[in-house]
Amino acid sequence: MQPTEKITGTQLGLLLFTFIVSTVIITIPSMTVMFAKQDAWISVFPAALSGLLSIWVMTALGNRYPGLTIIQYSPKIIGKWLGGLLGIYYIYYWFVFIMTTTMLHANFINALLLPKSPSIVANLTLFIICSLAVFTGIEVIARCNEFITLLILFFIIPLLILITKEGDINQLKPILGGGILPVLQGAIGPAGGFMNQLFILGWLLPYLNKPKKARTVSLIALFGISILIFFIVLLTIMILGPLAGNLTYPFLSVIQYVGIEGSFERLEAIAVSMWVTGIFVKISVTLFILCISISQLMGIRNYRDFIPPIALLSIIGSVFIHKNEMELHNFIVFTFPILAFLNQNLIPMLLLLIDTIKRRF
C-alpha cells in the first residue's frame with residue numbers, strides 16, 4: 001500500500017542533512033584527529049565516498065521497487081524467509097542505534113548542563129517530544145526540520161567565522177607528514193558510521209512526492225554535510241591541534257575557547273541548542289523508521305500503535321546498553337563504524353547485486 005504522507009525533495013534533503021550533522025559536529029573531530037592528527041581535515045573527502053555509495057545503492061533499489069521500503073522489497077529479492085530475517089535484524093540494528101544515540105545525548109547533557117540529574121530524566125523528556133512528533137507523521141517531522149535546519153545554520157555559520165579568526169594555520173603543518181595511511185584510518189570512523197547513514201533513504205523514499213528528485217537532493221545534502229564537517233574538523237585542528245584527538249567533545253571545547261578569548265560569553269549554550277534540536281530530529285526519524293519497520297514486518301497497517309512501547313524500551317535500553325561513557329566512546333569509535341558499514345553499505349549492496357543477477361538471468 002502506498003504511503004499517504006508525502007514530503008518534498010527539499011524536505012528530504014534537509015532531513016538527511018540534519019540526521020547526520022546532529023551528531024557529527026560533536027563526535028567526528030575526535031575520531032578523525034585520533035588517527036589522522038593534523039591531516040584529519042583531508043579524511044573528510046574519502047569518508048564522503050561511503051555516502052555516495054549509499055545514495056547510489058538506495059536510490060537504485062528505490063527506483064526498482066517504487067513505493068516500498070527496504071523491509072518490504074527485501075523478501076521480493078531474497079525470498080520471504082530470508083527477507084523476514086533481514087527485517088528482524090534491521091529492527092534489532094535500529095534499536096541499538098536509537099539506544100546508543102539516546103545515551104550519547106544523555107551523557108552530553110549531563111556533562112554540560114545537568115551533572116546531578118539521572119540520565120533517564122533527559123531521555124524521558126526527549127522521547128515524549130519525539131513520540132508526539134512521530135505520532136503526527138513524517139510529513140510534520142519534515143516540516144519542523146525545515147525550521148530546525150535553518151536554525152542550526154543560523155547558529156553555526158557565525159560560530160565558524162568567529163573560530164576562523166582565532167585559528168592558527170600552522171597547526172595544519174606538516175601536510176601529509178605521516179603519509180596517506182593515517183588519513184585513510186581517520187576516514188574509517190566517519191565513512192563507516194556516519195556518512196553512510198544516508199541509507200535511511202531505504203525507508204524515506206516511499207514518502208517522497210517526486211521520486212525522480214531523490215538522487216539529486218541526496219547528493220546536495222551529502223555535499224552540504226561534507227563541507228560543514230570539513231570546516232568543523234579543519235577549525236578544530238587550527239584551535240586545539242593534536243589535543244583534539246584526546247577530547248570527547250573537541251568542537252565544544254573550541255566553542256568555549258572562542259567564548260573566553262572573544263567578546264562573547266557562554267557560547268556553549270549555542271552548541272547545546274544545536275545539539276538538542278538536531279537530536280530531536282534524529283531520534284524522531286529513527287523512532288519512525290523503527291515503527292514502520294515493525295508494522296510492515298507484522299503486516300499491521302497503523303505504525304502509530306508501536307510508538308509507546310518502542311519509546312519505552314528505547315529509554316530503558318539507553319540506560320543499560322553501555323556500562324559507562326568510556327565503553328560508549330569505544331563503541332562509537334571502534335565497533336560502530338564496522339557494524340554500520342555492514343548494515344548501511346554491504347547488505348544493501350548485496351541486495352542490489354542479487355536483484356540485478358535475478359533480473360538478468
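## A guided tour of the predicted model

Start by selecting Arg143 and Glu139, whose side chains form a salt bridge with an N to O distance of 2.9 Å. A salt bridge here is a side-chain nitrogen of Lys or Arg within 4 Å of a carboxyl oxygen of Asp or Glu. This is a predicted model, where local features need pLDDT of at least 70 and side-chain atom pairs count only at pLDDT 80 or more, while totals for chains, interfaces and linings use all residues. Residues are numbered from 1 along each chain as its sequence is written, and side-chain values use heavy atoms, with hydrogens and water left out.

Both residues belong to helix α6 (residues 138-166), 4 residues apart, about one turn of the helix. Helices are DSSP runs of H or I with at least four residues, numbered from the N terminus. An α-helix has 3.6 residues a turn, so residues three or four places apart point the same way. Arg143 is exposed at 52% relative accessibility, and Glu139 is partly exposed at 24%. Buried means under 20% relative accessible area, exposed over 50%, and partly exposed in between (1.4 Å probe, protein chains only).

**Next: the salt bridges across the chain**

The count comes to 4 salt bridges. Select Glu5 and Arg304, which meet at 3.8 Å, N to O. Glu5 is in the segment before α1 (9-36) and Arg304 in the loop between α11 (268-298) and α12 (307-320), 299 residues apart. Glu5 is buried at 12% relative accessible area, whereas Arg304 is partly exposed at 24%.

Now pick Arg64 and Asp355, bridged at 2.8 Å, N to O. Arg64 is in helix α2 and Asp355 in helix α13, so the pair ties together parts 291 residues apart in sequence. Asp355 is buried, with a relative accessible area of 2%, while Arg64 is partly exposed at 29%.

**Then: the aromatic rings**

How many aromatic pairs does a search of the whole structure find? It finds 24. Rings of Phe, Tyr and Trp (its six-membered ring) pair if their centres lie within 6.5 Å; planes under 30 degrees apart count as stacked, over 60 as edge-to-face and the rest as tilted. Select Trp41 and Phe230, an edge-to-face pair at 6.0 Å centre to centre with 70° between the planes. Trp41 is in helix α2 (residues 40-64) and Phe230 in helix α9 (residues 214-240), so the pair ties together parts 189 residues apart in sequence. Both Trp41 and Phe230 are buried.

Move on to Phe199 and Trp203, with ring centres 5.3 Å apart and planes at 80°, so this pair is edge-to-face. Phe199 is buried at 0% relative accessible area, and Trp203 is buried at 0% too. Ring pairs link these two into a cluster whose members include Phe19, Tyr89, Trp94 and Phe336.

**Last stop: helix α4**

Finish with helix α4 (residues 80-112), which has 33 residues. Of these, 24 are buried, so α4 is largely enclosed by the rest of the structure.

Technical notes
Helices (H or I, at least four residues) and strands (E, at least two) are DSSP runs, numbered from the N terminus. The expected span of a helix is 1.5 Å times one less than its number of residues.
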